Amino acid sequence: MGTIERKGNSILVADGVFPDDLPRLCAALHRAIGREEDLQIGLDFSECTALFQSTMLPVIPLVVRYREMQRITFVLRPPVDRDLGRLFLNTNWAHHIDPGNHPPNRHSQGHMPALRFHGDGEDGQEAILERVLELILGTLDTSRDMLKAVEWSLGEIMDNVPMHAESPVGGFVQATAYTGSNSVEFVVADAGIGIAASMGQDDDQAALRDAITEGVTRDRERNAGNGLFGSYQVAALSGGEFEIRSNRGVLRRVGAGGLRTWSPPAPYLGTSVRCKIGLDESGLLERALRFRGKPHDPPHDFVERAFENDSGLLVMKMADRASSHFGSRKGGRHIRRVVENLLRDHPAIVFDFKGVGVFTSSFADEVFGRLFVSMGPRAFMTRIRMRNVDPTVEGLIDRAIVQRTRLGSQETDQE
Ligand SMILES: Nc1ncnc2c1ncn2[C@@H]1O[C@H](COP(=O)(O)OP(=O)(O)OP(=O)(O)O)[C@@H](O)[C@H]1O
Ligand SMILES: [Mg+2]
């Protein structure tokens, strides 16, 4: 349990802070601010030793609502701990709490920082979704179907915010890829009316159980009531985790088949959904997304939009990757992982070098050298095709393959 103490206009958050500490943090904010306006509130995380997106992301819409609706200024003291201090910047938590002092972070590894969306098409809900899918493809091991299950679930949970929440600050979303457990966790939170109010019920716990039940919706004309049901199924069948906090209700999946709801010590004035999906389960999509007894296969997916050409061939347009991936081994590893994942469900992929004149030799080694060694020459030459290769690029690829063949798959110094 973390330490949360309010001292006048300052809130101290110390030690290791976990999701079940969230109600006390909400209560401390409420007691410090209430309905007042134009206050300055200190948020002191300096002695914090552990903190996760499952705790912090839900705090962000509340803080932003106080700032934008009641003109509250938050002054952040980030953790003294170096790693945790860096996490505050990389995740955008610092930016959303105290934007005057912390610009947004656009580059991140292993996670997608906290981003805001309104669902009006302007702020790229679609782009956020694609960032999460690209993160998974380049960091974890996934089949195309598993990626589809994540795409469907995150899309549904995000869609619910503009559709039902009436949140004055829109929604916030953050995602993290866990390589150890080959799973992805995302959290979507808003500062809206909550699930019970949206469904016209007054018992929060009962409303949460209803919300994850097939076919339960507030509006039978427009919606099917499958979004939370299907997402819960995907999380549960993949051995993952699922948790909703909405006003005076918490719902959490506990172990296989277990579901618990309870009333937290203080309300969460909005809705926060946390969903962790394991990617190792095969055939999950068909088992998890079953509505009225029939399997539901979402017709278009990210792989189709991002990689398939008109004849169904997978194409990686290398020019699009130049600025984000060409400079480093890390970028190279990302591309290699994407290719390895795509080749699980496809016979071949085309690298299109149109508009590409050069890249670093360490990038070439991570992608072409290592793919050649791990796949073997014959599979490499039949499954990896190249198009629009100019002589410089050809030289870089050849050299990478020759050198890597000599070294084998041993590690290279990180850069
Ligand atoms: N962020 C939210 N804020 C408020 N209410 C919500 C939120 N998300 C879901 N709900 C409520 O939970 C109900 C169930 O959500 P769910 O996504 O399962 O179905 P739906 O959105 O009604 O239908 P579908 O997703 O199939 O179009 C919604 O009808 C709505 O009343
Ligand atoms: Mg929905």
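Two strands pair if DSSP finds at least two bridges between them. Strands (E, at least two residues) and helices (H or I, at least four) are DSSP runs, numbered from the N terminus. This is a predicted model: local features need pLDDT of at least 70, side-chain atom pairs count only at pLDDT 80 or more, and totals for chains, interfaces and linings use all residues. Residues are numbered from 1 along each chain as its sequence is written.

**Sheet**
- Strands β15, β16 and β17 form an open sheet in the order β15-β16-β17, with parallel pairing.
- β15 (314–317) and β17 (384–387) are the edge strands, each pairing on one side only.
- Neighbouring strands are turned by 25 degrees against each other on average, direction ignored.
- β16 (residues 349–352) and β17 run parallel, joined by four bridges.
- Asp-352 has Arg-387 of β17 as its bridge partner.
- Helix α14 (residues 329–345) packs on the sheet and touches β15, β16 and β17; contact means heavy atoms within 4.5 Å.
- The direction of α14 makes about 150 degrees with that of β16; angles run from 0 to 180 degrees between N-to-C directions.

**Helix pair**
- The axes (lines fitted to C-alpha atoms, for helices over the stretch in contact) of α6 (residues 125–139) and α7 (residues 144–165) come within 10 Å and cross at roughly 150 degrees.
- α6 and α7 are therefore roughly antiparallel, a term for angles over 145 degrees.
- On the α6 side, the contact residues include Ile-128, Leu-129 and Val-132; on the α7 side, they include Leu-147, Val-150 and Glu-151.

Note on methods: Chains are lettered from A and ligands numbered from 1 in the order in which they are written. Side-chain values use heavy atoms; hydrogens and water are left out. Angles under 35 degrees count as roughly parallel, over 145 as roughly antiparallel, 65 to 115 as roughly perpendicular and the rest as oblique.
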